[in-house]
Amino acid sequence: MVQGVQDLELLQKLQVGVVVHAADARVIFLNDRACDLMGLSKRDILGTLDLMPGWSLQDEKGRWLSPEEYPVNRVISTHLPLAERVLGVVRPGIEGVAWAMVSAFPVFDAQGVLEKIVISFYDVSQLKRTEAVLKERAEQLRFVLEGADLGLWDWNILTGEVMRNERWATMLGYTYEQIEHTTMQWSDFVHPDVDAFKRINDRYGHHVGDAVLRKLADGCHSALRSLDVFGRLGGEEFAILLPETGLAAAEVAERLRLLLAEAQVPIEGGQVVRFTVSIGVASMSSPEDSIDTLLNTADRALYAAKHAGRNRVHTLSS
């Protein structure tokens, strides 16, 4: 009996509302904080079955709960605890919804028979109002950014999720559908390798990346004439000089692109790695054009091909 008195005194001191139900759902105890939060006296609540007449509950999506879903009834039927569920309370004569974080757990006697259900709750209405304001402001910011034609890049460091808008994609020369919502793609954009070659290294290792580069070089050598010059500029960039070819260089580049797209690099486990290339083509428009001029023009054409979606050929004149 002394222990029971001590428990009641402890419950009275808690800053959360506590309501204790009998196994038939009748309210047999509540602390002063519960009365304050509900705006009712103990005389109003003791002996009642769960909610007061005219009261109703809803979830965070606005769906009305059936009586079977009320915390006390759910614990009675399942004998399982309910942890920190946000519920909205609508009371007759009071405008708006009062939000509460509710937990409930069963108490069993020595024989394992359900004896009591303890409900604890505290008011989170202010938190819900703050969330609503933040959501509204976020929506307003989105409208402002779209109206101002600004690109948006947002990174949730905790989850790793990246959110970008359509304008951000088009500013970089991509469509929104080509955007991946990861931080890795940003590094790909900053350091644009031969059609995401960096991902091959990251996923399979540098030995597979080297095999891909050898396959690319072999494919180029097999498709070129003996007078054509083929060389590696560095990293994953290669250059091909096609003497006396002129405008037909674009046709050669397209044949080479298709050939490499069909290439396969075998790896462990019987799998194969495929890869694609973007090719920038530049043709001499003047006898005064130098190799540097051609390479710079071809480089601009290459980046245009990448920004247009990769795995394609783009031509510019020097």
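A salt bridge is a side-chain nitrogen of Lys or Arg within 4 Å of a carboxyl oxygen of Asp or Glu. By this rule, Asp59, Arg63 and Glu69 are linked in a network of salt bridges.

Good morning. The structure under discussion is a predicted model, in which local features need pLDDT of at least 70 and side-chain atom pairs count only at pLDDT 80 or more, while totals for chains, interfaces and linings use all residues. Residues are numbered from 1 along each chain as its sequence is written, and side-chain values use heavy atoms, with hydrogens and water left out.

I begin with the whole chain. The protein chain has 11 helices and 14 strands; helices (H or I, at least four residues) and strands (E, at least two) are DSSP runs, numbered from the N terminus. Of its 318 residues, 34% are buried. Buried means under 20% relative accessible area, exposed means over 50%, and partly exposed lies in between, with a 1.4 Å probe and protein chains only.

I return to the charged side chains. Side chains of opposite charge can pair when their charged atoms come close. The count in this model comes to nine salt bridges.

Another salt bridge joins Glu60 to Lys128, with the closest N and O atoms 2.8 Å apart. Which parts of the chain does this pair tie together? Glu60 lies in the loop between strand E3 (56-58) and helix H4 (71-78), and Lys128 lies in helix H5 (residues 125-147), so the pair links parts that are 68 residues apart in sequence. Are the two partners buried or exposed? Glu60 counts as partly exposed, because its relative accessibility is 48%, whereas Lys128 is buried, at 18%.

Asp228 and Arg225 form a further salt bridge, their closest N and O atoms being 2.7 Å apart. Here Asp228 counts as buried at 12% relative accessibility, and Arg225 as partly exposed at 39%.

Finally, I turn to helix packing. Two packed helices are described by the angle between their axes and the distance between the axes. The axes of helix H8 (residues 197-204) and helix H9 (residues 206-223) come within 7 Å and cross at roughly 140°. Axes are lines fitted to C-alpha atoms, for helices over the stretch in contact, and angles run from 0 to 180 degrees between N-to-C directions. Contact means heavy atoms within 4.5 Å. Among the residues that make this contact are Phe197 and Tyr204 of H8 and Val212 and Leu213 of H9.
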